[in-house]
Amino acid sequence: MYLVTAEAADERAGCLVGFASQCSIHPPRYTVWLSKANHTYRVARHASHLGVHLLRRDDRSLAELFGSETGDSVDKFARVAWEPGHGGTPVLGEACAWFVGRVLDRFEGGDHVGFLLEPVAESPQVPGRPRLLRFTDVKSLTPGHPA
């Protein structure tokens, strides 16, 4: 699961997202899909950047806050540590890893809209925490990919 955050016109929003994927290696691109029924979608439509946060299994309280509460009636960001990233995008301090992506395009996909992102910032390495596995770490093992 991922947690996506957005900021536009001094309004912050964030929600739990299950549909997300890297969609290009060169140039690096990522797509997240937001439900049209979601408060975060209404804010993200006007956002220049989105934050994509990876969650661990023990991030259940964070997932419950952003997955079960609505930003229409609750200020989720009053309950968590965060700071503004690129484009004012809220970056959550509790997430094990995150990146902020510039919104390049939006795609209709039924009841969800895909946001094509170009990563512009990522979480720093935390001492003692294992690094996330990246494609560049294993590209020589990937059939058909030039090393």
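Okay, before anything else, one definition: when I say two strands pair, I mean that DSSP finds at least two bridges between them. Keep that in mind, and remember that what we're looking at is a predicted model.

So let's start with strand E1, residues 2-8, and its partner E5. These two run antiparallel, and 5 bridges join them.

Let's go back to E1 and look at E2. That pair is antiparallel too, over 7 bridges, and valine 4 has cysteine 15 in E2 as its bridge partner.

Okay, zooming out. What order do the strands of the open sheet take? There are 7 of them, and they go E2-E1-E5-E8-E9-E4-E3, with antiparallel pairing. The edges are E2, residues 11-17, and E3, residues 20-24, each pairing on one side only. On average, neighbouring strands in this sheet are turned by 35° against each other, if you ignore direction.

Helix H2, residues 60-68, lies across E1 and E2, and runs at about 110° to E2.

Last topic: the rings. How many aromatic pairs does the structure hold? The count is 5. One of them is tyrosine 30 with phenylalanine 99, an edge-to-face pair at 5.2 Å centre to centre, with 75° between the planes. Tyrosine 30 sits in strand E4, residues 29-35, and phenylalanine 99 in strand E8, so this pair ties together parts that are 69 residues apart in sequence. Both tyrosine 30 and phenylalanine 99 are buried.

Another pair is phenylalanine 66 with phenylalanine 77, also edge-to-face, at 5.5 Å centre to centre and 70° between the planes. Phenylalanine 66 belongs to helix H2, while phenylalanine 77 is in the loop between H2 and strand E6, residues 82-84, and the two are 11 residues apart. Phenylalanine 66 and phenylalanine 77 are both buried.

And one more thing to look for: Tyr2, Tyr30 and Phe99 are linked by ring pairs into a cluster. That's my tour, thanks!

How values were computed. Residues are numbered from 1 along each chain as its sequence is written. This is a predicted model: local features need pLDDT of at least 70, side-chain atom pairs count only at pLDDT 80 or more; totals for chains, interfaces and linings use all residues. Side-chain values use heavy atoms; hydrogens and water are left out. Helices (H or I, at least four residues) and strands (E, at least two) are DSSP runs, numbered from the N terminus. Axes are lines fitted to C-alpha atoms, for helices over the stretch in contact, and angles run from 0 to 180 degrees between N-to-C directions. Contact means heavy atoms within 4.5 Å. Rings of Phe, Tyr and Trp (its six-membered ring) pair if their centres lie within 6.5 Å; planes under 30 degrees apart count as stacked, over 60 as edge-to-face and the rest as tilted. Buried means under 20% relative accessible area, exposed over 50%, partly exposed in between (1.4 Å probe, protein chains only).
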